[in-house]
Each structure stands twice: as structure tokens, then as C-alpha cells.
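Please load the model in your viewer and keep the selection panel handy. We will go from stop to stop, and at each one you will hear what to select and what is there.

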Amino acid sequence: MSTDEFEARLEAFRGDLPAVRPNARTVAAALDTPDCRRRRILEAASVDKSELARHLGHPIPAAQSPFALRRGNLFESAVKENGDAHLIAELRKQIDLPIPATRHKDLSSSRARTKGLKEMKLRAKETQAALSLLLSEDPYAPNVLDHAVTSLEVGGSTVYLEQDALAHYTGNKLYVVEIKSFPVINNQVDPVKLRPATRQAAVYILSLQQTLARMGHSPEKVATDAVLICPRNYDLTPTSATLDTRQELRGLRRQLDRAASVSELEALLPQGLTLSAADTEHCAEAVEQLPNAYRPACLDSGCELAYYCRSRARDAGETVALGTPVRQAFGPVDMIDDVLAMADSGIAPSRYEQDLAADLIHMQKLYRAAGGGAA
Amino acid sequence: MSGALLTALLRVRAAQEGRAQRAARFRHLHIADEPLVVAAYNLAGDPASPLGIVYGTDRERPCFRVAPEPRNRDIRFRLLNTFFSDFVAYVDALPEGDPPQVIAGNQATLDYLFRIGDSVRFLPVGEGVEPETVLGGRHLVRLVERRQRPGAATAVALTRDLAAHWITGQSALEDAALGPLLAWIDPPEGQTGRGAAESAEHTGLPVGPLPKPEWDEKLARLITKFNEARDGATDPKLVSRLGTPVKRMVRDALMESWDDVWRGLDLLVDLPEAPHAQERWAEDSEDWAAWRKYIHVPEARLARKTSARAAVWQLGDREQAQRRVEAQKIVDDPLKFVAAVADGLALSGLVVSADPDRKIVPPGRKNKVSRPLFTLSLERPSPLPLHTEVFWLDRLACQGRIVEMTMSPPRVTIEIAKGTRRTRGEDPTFPRLGREARFTTLDPGQDWRIKLPDADEVWTHSHMVPETQAVADQDSDFVPQLPDGDDA
Amino acid sequence: MPNEEAVHASERVTLELTSRLLKLGAHEALIVDSPPGAGKTTLVTRSTRTLVDSGVETVPVVVQTNEQANDLVKRISADFDLRVGRLVGSSYTVPPYLSRLPRVQIEKNPGDFHRPQVVVATASKWAFCQGRQSYPVAVIDEAYQMRSDLLYRVAPLFGSFLAVGDPGQLDPFTTLDEKPWQGQPYDPLQTAGAVLAENADGDPLRLPVSWRLPQAAARLVQEAFYDQAFMAGTLPTERRLHLDTVDIAGWADKTLTHAAETGWGFCQLPARHTPPGDPEVAASLAMLVRRFVERHPWTSNEASAGDRRLTADRIAVGTVQRAQEAAVRSALDQLAHEHEHLACLREVVVATANKLQGREFDVVFVWHPLSGRQDATEFHLEAGRLCVLLSRHRHACVVVSRAGIRELLDAHPNSNPVYLNVPAKFPDGWEAHQQVLEHLGGHRVDALP
């Protein structure tokens, strides 16, 4: 099946559910749960997963507070105001090169009046044109690209990503600049926030490298050091830091190579399967045909189906719902009932678990003798 | 880390039974007579813009303070000044020798309180900043920081401490939310842990410091109205009058948090206190007393950053504290002991032969030394291999080594090498024939404190010198401009 | 004929080292990065000689464990006629052979020695000796296994350092949460080597040759675990491992024959999720060791004139968890008990990576850290752990694992925490595992027990 045919199949699969554009953040997050085919297919089909979750009866709460959003916008404007005064100041601190005046190109909406995949492809073309001009060293060409659309090869198919970071060109190198509103307090950033930011930057850098290569330019022109600009301490004074993305890039490249190919995904997508907004049961049946890999970390990974998948895992009595260390503790015995049968009887399902079963029954005996039990 | 296999099994059991399972028979944390319970909500996105704080030592008399527009400096500092004034009053009113104890619903709230304290502790007094605010900020930071020392109880994060005493039928990740955690430990009549927890997740608000985005949507509309109405004015009476809708909304939410935190505290208080918890509290008291003395000296200087010397000291002190707490927990609590056995860190057996007076000449030495020998009959072959160093739980100073083992019948022979001398005029005690004896590999650690060299003698670390200062950091050119509400 | 290029490279670095060592001034540090089997101990002992010859009255040596201290004392006493002091803690019992060595004195206080030329003690012991003595220059062995808080405690005693260590092996660790020290000017969890490198003028010196690893292994270990190149000290033809050609046990013999030829073996069992002490992997490892011994291994190499029988104590089985260690030990002891000709199996060393650090064997069998797991934790992915297991051998390394590791790695991408302005930890364990797996794939034999 050709890529176009597969794309058509994905569109058909999406049915009448609304579409949503993948961006760097969602692609980076999806790579955090790379073994979940369900997520891959749904995102490849641009399904609005939060709508889907709602239809399935397990809506996920909104992710971002209006206050946080507003602060983010405010900070970004503050950094860019007065001709990018702060932006340039911070870039000067991080990049040991002369930083010329900035000329922005806003690629957030295309000239054509189309939507969906067509729009993304068009914007990708416009981004490429802007990159071409930028790399030609034309002194009047825009040297900062805002809201670019780049593409990435994932498992043999092309994914279009909308970038919220900037691409800044100076000294013959293209730098990814992320403006984030989480603070740097006493030199520390919450690692929970820093990790996704680094990953997003890596995804952007990788897609820029691929795009440049396709355009006939050297991918080395994209710097692997991204610049992060965020507020310092308790107000909105900007500060900056360099993010070394090399390790992320190495990991990403391997992951993308190993990501399920189009043919694998296609094999998992039954013919004629569609998601229908109206019929919840049918929707659930369709979703259940796509293999998933639920673990509690999904709740933090930004996947809108997390509560739905969790509910199924809990209903089925899977030990993974209790945490991956719990599942790991019992070897292949991954259902709650089977674990308890083993612990109560001391009988192992196979010779591999004999020691474990003996340990469990003994431990249970000690636990009860010591006064253990329900609260 | 310790108790992994038992925890895994208990989670499975709890999931099936619909109720949390006990992980402890005793409470391994001292709870003060009148601790300060605190719950707070922050404006999402800002690091330290408190919407409201509810606090107090009496469940029936909560103190509630709100800042209907916490991004405005005047309004925010009115809240902070009042809170810190009450906080310092609470600290000062404590009897001599009692450290403060702050009880929060979760670690995120403690981290938030740390940030609040940190955001004010280096500010110059005046211009709307009261001296108690700066002092209170320093105290608060100190109390929360102390928490990083294993066994310290000056700041309690209920989710963490409840989860150390009960194992739920959900994942550890999900245990970080107080509502669902309480639902598993104490589900309402007729409900399972899972049902009650999912209900708490769905309908309830988090205990803090962040509410839910959809709640924020509603609040945002009220705050916009408030800002429009006051039109830039910050007169306290006006703010109080116009801010009533915001105040009501925030208070209703925080009162739920208040109730949940007290409910969680009740569960902990119901458990009998472990003997060593009091000993660890005494260490907290000592540390607090030293801090009190220091902070009131006019020349007291505080470090913004941790110096190399402080870091080395902290690491050593905390590792020592951790070893001790781990060992003390299994001495105090039979369930913790079972967890240690399950992890292969402890064993117990019947003493079938005892020779407390044995003396031998060890290899390479000339004189006879005391080396008592005990053989234990076990229920299963020892998980601890030959030559493992072990400590006797009845008296941790008594230390020995496994010198012999048999598989069937399962037995170990332990030779004691330390703790054989008379101390404080008393003969040493040893395991008794015919009785049960318990040993652990967890080394409680010696109680010496190695004196650290003077910082200027340590040339290898001399390039890491932090600044100490008592005033705000003013090295940036950009004057902080805090946006005043919605003005876009 | 040893590898000429290796010999020359090695001599060049030795000369540079000596020259820089003699020029070491106050409050300076000379760091030497030493890949596995690069002759670190020789370097340490020779350096003490060099320093004494240059006029230093007493050269203190800082090591990490008592065993290391004893080994070093033994070496110095054997190689040079220096007066050696062994400084011990008050409760430590010295092994009898040490007191019998010539020119070796054992004391609890540094002041009790009679003009020692070298004093060897653990870092913890030195930390107790504060302020009593002061030495212009000291040697630190295993500087990358020493945590820098210990360095802080001993630094005032010593005016300058020669610090030697292997940066690819297991880092020191803590069971505490490491977050409080990130972003602070100093992270006490850093290694002594890393902190001293900040003090040093220029980059660490790098020993360019591994004399232990055969060429087949040096390339993989270097690429996966080290950021600077090093070469094997021997040519492929020099290290030979010979086994009887008898081939009766199918997959085991096939693996061993292949390993004797190429230096690598990889046995793959069917995929399955198992608890840590997987009896089948344990049995497979025991079978491999048994067949190896039964096929009368002998080696020829550049060091010995003629051939040498490979004795059981030169064989090791490396694991990562105690349950695995116990399972293999028990399987080998069982075989030794049942078959007279296999009694020597009791001498085969079975240990976890932590305990194998710094040791050397002729042949090593490895229980793959990720075998049978559903969850790849930071502990199991740690690069240093894998590096230790794959760099102990002089002749061959055979890895045993269940299938499914590729899928496990795919499902668990790098999840190390990221801190601001702290460079990402190199090497990345996940990446190293991928490289090793790729390499092992070329040597795979399917084990059908």
C-alpha cells in the first residue's frame, strides 16, 4: 500500500471525529510511549483524542490553565518586544556569535484556504521556501522563523509538525530557540518540565536536519545546542540556558528507525474500521482492536486516552495498572487473580516461578502473623 | 526501595479487596500536640502567586486568607504579610524545645510553601514587606528543607507519609493525590477503594497547590470582573468588598482541602507511635533550637546557594540518618520487619544453641577476644549468604557475621564480634537459647560525626564558593515588571 | 611480538605522564583516564617509585577498599624495594600474608611508621587522619569510583594529586534523592576524578592501550562506553584460546567453539518474562561453564612462553542481581558435587558487577542485565554496569540472554532526568545497550535447553 493510500485509509478510519494537528510537543510525547500502537495510529490519523476520550466515556480534564496560558503569552511578548530586545540579549549570552537584528517570518497561516493535512503540507512548503531564502544569506531575508511547519520521517511515513519554538539563523547556523514560561529558580528547573522541553527541541532539530538534507544543504547547519529562554526566579525577567540535545537526538534517531513502519501499522488497522462519534460502543470496539501498552506513566504523558485505557486495564485486572514495578515483580504472571492464586496456594504456574511462589506464600504467612491485613 | 516484593503483593491484594493494606503497625513519625495544618492554592503558571491559604492548629478554627488578584504586588503582600505574621506568632508561641510542625496534604504543597518562603526571605523590609514576612519566610524554608533529611518530621507531606503506612490498590504515581489516597485507605461505606478514588479524581479538586484547569476557567472570569471593577485600585476595603466572589470560590475549594488534610492526619494519629519516632523528633528539636539561636543574631548571614562544605555535610548527615531510620523502623515495627525479610535484608529464627561466653584467638592476633556464637533454626534457608554482616535487632550495637549455613535443616550460625563489652556499667545482652532472634543486614551506622575540615583548607573545592547575603539579589538590569491582572 | 603500535603509544604516554608528574605544583592535579586493563596498577606502583626517586619523602596512596589496599601493598612490595606502610582502621583485621611481606609495616596511626616511603590506606581511613600529617603529593587510585565528598574530607592532607581511574565503570551512588544538589554550585555526588578535572590544567591524560581486552572486545567496549579511543595491546593472532574439538552438547559447544575463535559468544533463549532468578538462564550458564571446563581450555598469549592451562579460578560468571548470583552459584556447586571431574567448578568466580569491578579473568560468562525483564529501570540500563561485565576478560566473553531485549529497549527510551547546565550523563546506558545488542547479534546461537 502506498503512502497516499495509507493516508486515505487513516482519514477514513478517523470517521466523523474532528481532526487535530500534531505538533512537536505531541510527537515528542508520543515517543515517550513508543510501544503503544494505538497511540501511533490515532495520531497518524490526526484523531482529536480528547474528543475520542469524551465519546468513550472517559474524558480527560483540560491540560492547561488559562492563567498559565496567559503568562506564557505575556512572557513571550515580553521577550520579543522592542525588536526582540530581550531575545537578542539572551542569545548573545548563549551563542558566542554576533547576533544581528532580527527579521521575523510568521508561518502560522498559509496563503491557501485549506485545512487539515493539505494545509500542513502547504505550510511545510512555505517553511522550506523561507529556509531556502534564509540559508542563501540574503541580507534582507527573514532570519527568524515563527510557527514553522517541518516534517519528520516516522517509521517510513511523513509526519508534519507545527513548531512553537523559533528557528534563528546566525553565523551560518540555525538555532532552535524555545521560549517557555516555567521559571529557573536558584539555578534549578523542575526536571519534570525540562525533559519535555529538551525533547521537543530535539524533535525540531531533527526535523530541521532532515528538511535541510532534503533541500541539499548540510544538516550540520542546524546547531545541536538549543537555547532555552525562561523567567528567572519569581518575576518575568528573562534568563537563558543552553540545552545540549545530542543525547536526545541519538535516542530519537534510533527510536524513529525502530518505530512501527507504515506496513506494520497498516496491518494493525482492520479494513473498513472507522471511529464513529455517535456510537460509543462501536467506538470502543474499534479502539480496542488497536493494541495498546498502558502503564500508569501514560497519565502523565499527555495522551488523552489515558483514563480510558486505565479503566480497561483495571477492569481486566491487569497488574500493570498497579505500576510497572508490580508487574515486574511477578514475572509473566500479570493478572491480579493469578498472582493471588499463586500467593495463596504456593503453586507456581510453571517451574520458572516456583521460587517466587514459595517466597510469596511464606511472606504472606509472616505478614499475617505480624498483624498485617486491610486498613 | 526496601519492601519491594511485599509492596507489590499488597497492592495486588488491596486491588482485589477494594481496601488499602497495612504496611505498618506503628506510626513512624512524631505528630506534635498542635501542628500547623496548611493548604494553599497558587495561580497556575506563576511560581509564587498565592490565591489563598488556609491554615491553623485547630480543625474548627481555620484561618483563611485570599488574594483575589495575586499578580498585583500590593494585594499579594497583604496576604503574605498576614499569613507570615500569624506563622511567626505560631512559631514564637511554641514551648521551649518544641520545633514547629507544618502538615501539608502533599509534597507539592510543601515545595510550594518553600517557594513562597524563598521568594520573600531575601527581600528588604519596607515598601510593603513586613519584617515577620522575611523572618517567616526563612523559618518556612528551613522547616521544609529539613524534610530532605530522612526521618525528619518538621514538615509532613501526608501523601508521602500515609503511603509509607498503607499500600493502596492503585499505582504509586496515583498515590500522590491525597483525595484518591484517602479513598483507598478509608473508603466511604459501601464503596470500594477504586470507586471512591475515581470519584475523588473526577469530582474533587486536588488538595493543592494547583486546582484544576476547568476550575481556573471559572475563576478567571471572576478575577477579570474583579480587576475591571477595581480599575487598578488596591485599597484594602475596596479589594475586600469587590473580591468577595473570588474569595468565596477559593474558600469553598480550600475548605475541602482543609477537611481532607485533617482527615488524613486523623488516620496517622490513630496509629500508635513507634518508639524511635520520638528519638528522631528530639533530633529535630535540637536542630531547631540551634537555628532559632542563630537566626536572631543580627549578623546572621544566609546562603542563597549551598556551599561545597554544606553539601558534603548534608550528604553525610542524611545518609547516616537514612541508615538509622531504616534500621529503627524494622526494630520498631513487625510489618516493616516482614518487608525486610521479603527483600532478603533480614532473618529471624529460633536460637537452638547459644554460647555467649565464647572466647577465641582470632587469626593474626595474639590475645583471646570475646566472640559469642549462636545458631538459629530457620523456617526456610537463609536469604543472606555466608560472611554477611548482621545486626541484632534487640540491640543494634551487637554486630556479627554469618559463619556457617545449612540448607536442610535450614540453619545459620552467627559469630558476634562487636558490642561484646560492658557499657555504662551493664553487662551486654545476647540472644537467648529457646527464644526467637531477629537479625538484619541494615547497618544503622555509627553515631560519630566526622568533623569536616575548614573550607579554606580544601583546595580541591575552592572554586565553588557561593555568595552569602542578607539582601535581595539586585544584579539584573531589568527591573521586575509584574503584570497587573488582565490588561491585555 | 606484541602490538608495536600499542607499545609505542603506551611508551609515549608514560613519558608524558612522568614528565607532568614531576612538574606537578601545589594545589594541582594530574588526572589519568585508564580504560579497562590499561595497566592502572602498574602505573600507580611505578609512579610511587618515580616520586620517591625524585625526592619525595613519603608518597601516600589513596584507594577505595581494603582489598585494593592489600593488593597494592603486595604489588609494590614485590616489584620494588620500598618501605611500605599499610594504614588500617582500628577494627580491621589484616590478612596474615600481609604482615609477612618484607619491608611492610602495618599501623593504625600514620605517625607510628618508621620513615615509610609509601603509605597505602583507604580514603575513609585517610579522612580520619585530618590535620596530623601533610604530604606534598598523593596518588589516588580508582578516582572515578571515589565520591567527591570523600575527596573533600581528605584534600587538606595532600598538596597535589595524581588521580587515576576508569571513567567507564560504575559510578558511586547514593540511595538519597539527588535533586537537592542539582543547580547548586557543587554536587557532592560527583566523582573525585570529575572534581579534580576541574582543577587540572588541560585535559586528563589518557592511557591509550588496554592490555587486557582482546582486539575483538576493545573496539566494542571503546565505542559503546568511552568517549576517547583506545586500542587493544595485542594483535588478534596473539591471544589464542584452544578447546578440545569434541562437540556433544549442541548449542553450548557451538557457542564455545565460536567464542574461542572470535572472542565473543551470545546464547539466546526463547523470550519469556521471568522473575530475577531465572532457572533456565542459570542452567544455561552452568552448562556453558561445564562444557568449557570439560573441553580442557588452554591459552597461548604474548605474555607466557608456550601454552598454559586455563584453570577454573580464571573463569567468572557476571550477573547484576544477588538472586542471579545465587542461582548460578548453586547450579555450579551442584555440578561440582555430583561429578568428580567437575569439582573445580567451585573455584569459578560468580559475582555481581559491583563485586567484579577492577578484577580480571581469562573468560567471562555474562547474564545479560535485561534478560527476561518487562521493565528496564535505570539500574538495569546503567552503562557502567554493562561495561564492567564486558571488560573483565582477556580471551573471550559469552553472554546469555532471553530474546526480547530489542523490544524492551524500544519500549523504554532514555528517561534519565535532565538538569539545567548539567551535561547529559555519558555514556547513555540505553544507547550503549543498543550498540552491544547489535554487536552480539552477529554472534548469536539459539539455545534450546
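**Before you start.** This is a predicted model, in which local features need pLDDT of at least 70, side-chain atom pairs count only at pLDDT 80 or more, and totals for chains, interfaces and linings use all residues. Residues are numbered from 1 along each chain as its sequence is written, chains are lettered from A and ligands numbered from 1 in the order in which they are written, and side-chain values use heavy atoms, with hydrogens and water left out.

Stop 1: Select A:Cys303. With 10% relative accessibility, A:Cys303 counts as buried (buried is under 20% relative accessible area, exposed over 50%, partly exposed in between, using a 1.4 Å probe and protein chains only). How many disulfides are there over all chains? The count is zero, a disulfide being a pair of cysteine sulfur atoms within 2.5 Å. A:Cys36 is in none, and its nearest cysteine sulfur, on A:Cys309, is 6.2 Å away. A:Cys303 is in none either: the nearest cysteine sulfur, again that of A:Cys309, lies 6.3 Å away.

**Stop 2: where chain A meets chain B.** Show both chains. Here 63 residues of chain A are in contact with 64 residues of chain B, where contact means heavy atoms within 4.5 Å. Together the two chains bury about 5,200 Å², 63% of it on carbon and sulfur atoms; this is the accessible area (1.4 Å probe) that two parts lose on being put together, summed over both.

Now look for charges. Between chain A and chain B there are nine salt bridges, each a side-chain nitrogen of Lys or Arg within 4 Å of a carboxyl oxygen of Asp or Glu. Select B:Glu198 and A:Arg314: they form a salt bridge, with the closest N and O atoms 2.8 Å apart. Which helix gives the largest share of the side of chain A that touches chain B? Colour H14(A), which supplies eleven residues; helices are DSSP runs (H or I, at least four residues), as are strands (E, at least two), numbered from the N terminus.

**Stop 3: a proline beside chain C.** Go to A:Pro332, in the loop between H12 and H13 of chain A. At 27% relative accessibility, A:Pro332 is partly exposed. Leaving aside neighbours within four places in sequence, A:Pro332 is in contact with A:Glu353, C:Arg272, C:His273, C:Thr274 and C:Pro275.

**Stop 4: salt bridges in chain B.** The whole structure has 75 salt bridges over all chains. Select B:Glu283 and B:Arg149, whose side chains meet in one at 2.9 Å, N to O. B:Glu283 is in helix H11 (residues 275–295) of chain B and B:Arg149 is in the loop between helix H4 (131–146) and strand E6 (155–157) of chain B, so the pair ties together parts that are 134 residues apart in sequence. B:Glu283 is partly exposed at 21% relative accessibility, whereas B:Arg149 is buried at 7%.

**Stop 5: from chain B to chain C.** Finish with B:Glu319 and C:Arg147, whose side chains meet in a salt bridge (2.8 Å, N to O). B:Glu319 lies in helix H12 (residues 308–332) of chain B and C:Arg147 in the loop between strand E6 (138–141) and helix H6 (148–154) of chain C, so this pair joins two chains.
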